[in-house]
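Subject: Structure handover

Hi,

Here is the structure for you to look at. My notes follow below it.

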Amino acid sequence: MNSIKTAYEERMKKTIGALHDEFNTIRTGRASPALLDKIRVDYYGQKSPLSQVATVSVPEARLIVIQPWDRSLFSEIEKAILKSDLGLNPSNDGKVLRIAIPPLTEQRRKELVKTARNVAEQSRISIRNIRRDGLEELKKMLSAGGVAEDEVKKEEAELQKLTDDYIAQIGKILEIKEKEIMEV
């Protein structure tokens, strides 16, 4: 019985991890290498993550510097960044690509907060779906026999507590991200 709670808790942890990853790609007023995590560069006919073909660093709060390991990648990296929906404009000096992170407008901040809230809501839905799967598994075990009804009730209560804890975590993570986005 304990393995059920453990298995579903593991899935919930993965959902929180995915939320963190998704939030890392939502732009704030500050520069962050994670901002470019979703960018894929055409490298010898294969789409490779930017981090696998270049060094990405943040020397200042509003500047990202990209140094490709292969000089022939400058134009490919530039194209990939311009194609992304990040609205960033890289400048190429032949040695490195520099991306100045412009301050966000109030309207853009509100749009990003809305996006963050939608991402958080999708994570909450995932957590609830995981709980539903766990409850269905417990009901199957009960109907199959061999498990006491009070034991199933206890497991259901633990699963609900787990769900509540993870949904509260999502709320805290969202609150932090909203503050980060609205920071001027």
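The lining of the largest pocket splits into six nonpolar, three polar and six charged residues. Keep in mind that this is a predicted model.

More on that pocket. Its volume is about 330 Å³. In total, 15 residues line the pocket. Nearest its centre lie Thr25, Ile26, Lys38, Asp85 and Leu86. H3 supplies the largest share of the lining, with three residues.

Ile26 also matters for the next topic, the cores. The largest nonpolar core has 26 residues, and Phe23 and Ile26 have the most contacts inside it. H4 gives the largest share, nine residues. Leaving aside residues up to four places away in sequence, Ile26 touches Leu35, Leu112, Thr115, Ala116, Val119, Lys177 and Ile181. Another core lies apart from the largest one. This other core has 20 residues, including Val41, Ile66, Ile81 and Ile101. In soluble globular proteins, nonpolar side chains tend to be buried together.

Last, the hairpin. Strand S1 (residues 40-43) and strand S2 (residues 46-49) pair antiparallel, over four bridges. Tyr43 stands opposite Gln46 in S2. Two residues sit between the strands, and Tyr44 takes a positive phi near 50°.

Best wishes

Methods: Residues are numbered from 1 along each chain as its sequence is written. This is a predicted model: local features need pLDDT of at least 70, side-chain atom pairs count only at pLDDT 80 or more; totals for chains, interfaces and linings use all residues. Side-chain values use heavy atoms; hydrogens and water are left out. A nonpolar core is a set of buried Ala, Val, Leu, Ile, Met, Phe, Trp, Tyr and Cys residues joined through side-chain atoms within 4.5 Å. Buried means under 20% relative accessible area, exposed over 50%, partly exposed in between (1.4 Å probe, protein chains only). Contact means heavy atoms within 4.5 Å. Two strands pair if DSSP finds at least two bridges between them. On a 1 Å grid over the protein atoms alone, a cavity is a set of points where a 1.4 Å probe fits but cannot get out, and a pocket is an open set with protein on both sides within 12 Å along at least five of seven lines; lining residues have an atom within 4 Å of a point. Grid points are joined across faces, edges and corners, and a volume is the space filled by probe spheres set on the points. Ala, Val, Leu, Ile, Met, Phe, Trp, Tyr, Cys and Pro count as nonpolar, Asp, Glu, Lys and Arg as charged, and the others, Gly among them, as polar.
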